[in-house]
Structures are given as structure tokens and as C-alpha cells.
Amino acid sequence: MIHNKTQKTALVTGGGSGIGKSICLRLASKGFTVLVVDLDINAANKVMDEILTLGGNAFSYAVDVANHQQVSALFKSINEKHPIDILINNAGIAHIGNIEQTTEQDLDRLYNINVKGVYNCIHATINEMKKKQSGVIINLASVASSVGIADRFAYSMTKGAVLTMTYSVAKDYINDGIRCNCISPGRVHTPFVDNFLEKNYPNNKAEMFEKLSASQPIGRMGQPEEIASLIDYLCSDDAAFITGSNFPIDGGFVTLNN
Ligand code: NAD
């Protein structure tokens with residue numbers, strides 16, 4: 001299952017679940033040493049064990065991406081052992097509600113994880129990438145980044161920031177051999193979606209699942225493996241000409257929903 005070892009290291013935040021887990025498994029299958037980083041160390045350990053069982057190379061680490069000091073200290077020690085070639089900023093959380101239903105605490109929580117978390121991880125990595133004059137950064141944006149989603153005020157705000165952080169970093173480091181891109185998935189079937197349905201629609205989960213699926217013109221949600229496949233391409237040398245780009249992967253959500 002594991003192909004030729006690339007000797008490159010990929011760090012995936014939120015690697016313990018959903019899209020992040022699929023990205024970890026995919027990159028491990030391509031021979032990357034995968035650093036599975038998550039708030040939930042048990043989930044990260046399980047993904048690491050799965051990779052090791054398949055013959056790949058992986059390590060797991062607990063970190064809260066929102067905590068600047070924690071991220072700086074962890075990434076410093078990681079870089080001493082496994083200089084980070086690829087950084088995937090995947091950790092993120094959701095929030096339901098329009099602006100009136102969003103408290104100051106909600107706004108701060110979403111900002112701290114979805115925006116500051118991306119800043120913290122890039123800030124802790126960029127200098128080492130500059131020294132090597134190479135590196136790939138991929139951020140998980142969303143369809144919400146460019147069109148906003150109804151009743152997702154705080155979430156849309158944070159994902160808009162992820163999109164523009166991507167453009168900014170791509171511009172600032174284009175002469176340092178560092179490529180920075182983001183991807184914008186539509187709804188993807190992960191625990192993120194299942195937890196949302198369980199919490200908000202405990203009595204009509206199946207009906208709501210169908211409704212959420214139909215909001216993609218293609219008629220279904222994406223699968224985490226489909227997202228991992230795009231990430232795999234963007235990490236590879238085949239994508240060497242791509243930087244400062246946003247890739248929709250949304251079953252037609254942004255362009256066909258009108
Ligand atoms: P998920 O909830 O299944 O997994 C998220 C992971 O991030 C979890 O393992 C969680 O423990 C970890 N995490 C949360 N807060 C953290 C923190 N502060 N520090 C470190 N780790 C933390 O989510 P998912 O559906 O796989 O989503 C992954 C990313 O993709 C998110 O950024 C999300 O916004 C984005 N996205 C998801 C969808 C979707 O429909 N699932 C669509 C578009 C974009």
C-alpha cells in the first residue's frame with residue numbers, strides 16, 4: 001500500500017478526524033512521513049497507528065492550534081527532528097447562526113481556531129521553509145469563503161480570512177520557493193456533519209442529511225477521500241506551477257447554485 005518513500009514530511013492539523021484523517025492516510029500512502037497533529041491526542045494516535053499498520057511512517061502530537069505558545073514550542077521541536085516540507089492547515093470548527101445569534105464568545109472562539117490557528121501554524125513554519133527555499137502550505141477554506149453561507153456568520157467570516165491569508169502568504173513568499181494555496185470544499189460527509197445533525201436535528205437526521213446533500217447541485221456530499229486526492233495533487237511536484245490559488249471542490253455549489 002505504501003509507495004516509494006519520499007523522505008518528505010507533511011504536518012496535518014486536525015489530522016485525527018474527517019478530512020484531516022483522509023489527508024494523513026493519503027499522504028502516508030505516497031511515502032510522506034506524516035505528523036498527525038490534533039487537540040484530541042487519542043484520535044491522532046489512532047490515525048498514526050493505522051498508518052504504521054499499513055507500513056507507513058507517522059508520529060502524533062497534541063496541540064491546540066489556537067494557542068500561540070503551544071504551537072511555537074511544538075513546531076520548534078518538530079522542526080529539529082523532521083523539518084516540515086508540507087503544512088496542511090486543516091483543523092477547524094463550525095458555528096451555526098446569523099450575526100444576532102453569534103455571541104462575542106462565539107466570534108472569538110471561531111476566530112481563535114479557524115483564523116489565528118492558521119496564522120500560528122504558518123508563523124511557526126515559514127522561517128524553516130525560507131531557510132530551505134522550499135515548502136508547500138495548503139489551507140482548508142470553504143465555499144463559505146467566497147459566497148458566505150446562510151446562518152454561518154462567524155464561520156463564513158473565518159473562512160473568508162483563510163482565503164485572503166492564502167493569497168497574502170503566496171505573494172510574500174513567492175521568491176522563497178514556497179507555494180501556498182487553499183481549497184474550498186462544499187459539504188463533505190465527516191463527523192463535522194454528523195455531529196451537527198445529531199446536535200441540531202436529533203429527530204430528523206436522515207431528512208436533514210438528504211437536504212444537505214441536495215444543496216450540492218451534483219446531488220450528494222463530498223467524500224473525505226476526494227478532498228485528500230486534491231490535496232495530494234497540490235502537494236506534489238506536478239503542481240509546481242500552482243501558487244496563490246483557491247480550488248473549489250464542491251459539486252457545483254458556488255457556480256451552479258443559481
Ligand atoms: P472534523 O470535525 O471531522 O475534524 C476536525 C479535527 O480538528 C478534529 O479531529 C478536531 O479534534 C480537530 N481540532 C478542532 N479544534 C482544534 C484545535 N483547536 N487544535 C487542534 N485540532 C483541533 O472536521 P472536518 O469536516 O474534517 O473539517 C476539516 C476542515 O475542513 C475544517 O477546517 C472545516 O472548516 C473544513 N471544511 C469542512 C467541510 C465539511 O463539510 N466537512 C466543508 C468545507 C470545509
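**Chat: a few loop residues and a domain interface**

Me: Where's Asp151 in this one?
Reply: Asp151 sits in the loop between α6 (143–147) and α7 (153–172). Helices here are DSSP runs of H or I with at least four residues, strands are runs of E with at least two, and both are numbered from the N terminus.

Me: Before I go on, what am I looking at?
Reply: It's a predicted model, where local features need pLDDT of at least 70 and side-chain atom pairs count only at pLDDT 80 or more, while totals for chains, interfaces and linings use all residues. Residues are numbered from 1 along each chain as its sequence is written, and side-chain values use heavy atoms, with hydrogens and water left out.

Me: OK, back to Asp151. What's its phi?
Reply: About 60°, so positive, although Asp151 is not a glycine.

Me: And why does Asp151 count as partly exposed?
Reply: Because its relative accessible area is 40%. Buried means under 20%, exposed means over 50%, and partly exposed is in between (1.4 Å probe, protein chains only).

Me: Which loop is Gln133 in?
Reply: Gln133 is in the one between α5 (126–132) and β5 (135–140). Its phi is positive too, near 55°, in a residue other than glycine.

Me: Now Asp85, is that buried or exposed?
Reply: Asp85 counts as buried, because its relative accessibility is 15%. You'll find Asp85 in the loop between α3 (68–81) and β4 (86–89).

Me: What does the Asp85 side chain make a polar contact with?
Reply: The side chain of Lys132, at 2.8 Å. A polar contact is a pair of N or O atoms within 3.5 Å; within protein, one must be able to donate a hydrogen and the other to accept it, and residues adjacent in sequence count only if both atoms are side-chain atoms.

Me: Switching topic: how is the chain divided?
Reply: Into domain 1 (9–186 + 223–253) and domain 2 (189–221). Those bounds come from an automatic or database domain assignment.

Me: How many residues of each are in contact?
Reply: 17 residues of domain 1 are in contact with 12 of domain 2, with contact meaning heavy atoms within 4.5 Å.

Me: How many salt bridges are there between domain 1 and domain 2?
Reply: The count is 1. A salt bridge needs a side-chain nitrogen of Lys or Arg within 4 Å of a carboxyl oxygen of Asp or Glu.

Me: Which helices supply residues to the domain 1 side?
Reply: α1 (18–29) and α10 (224–235) each supply at least two residues of the side that touches domain 2.
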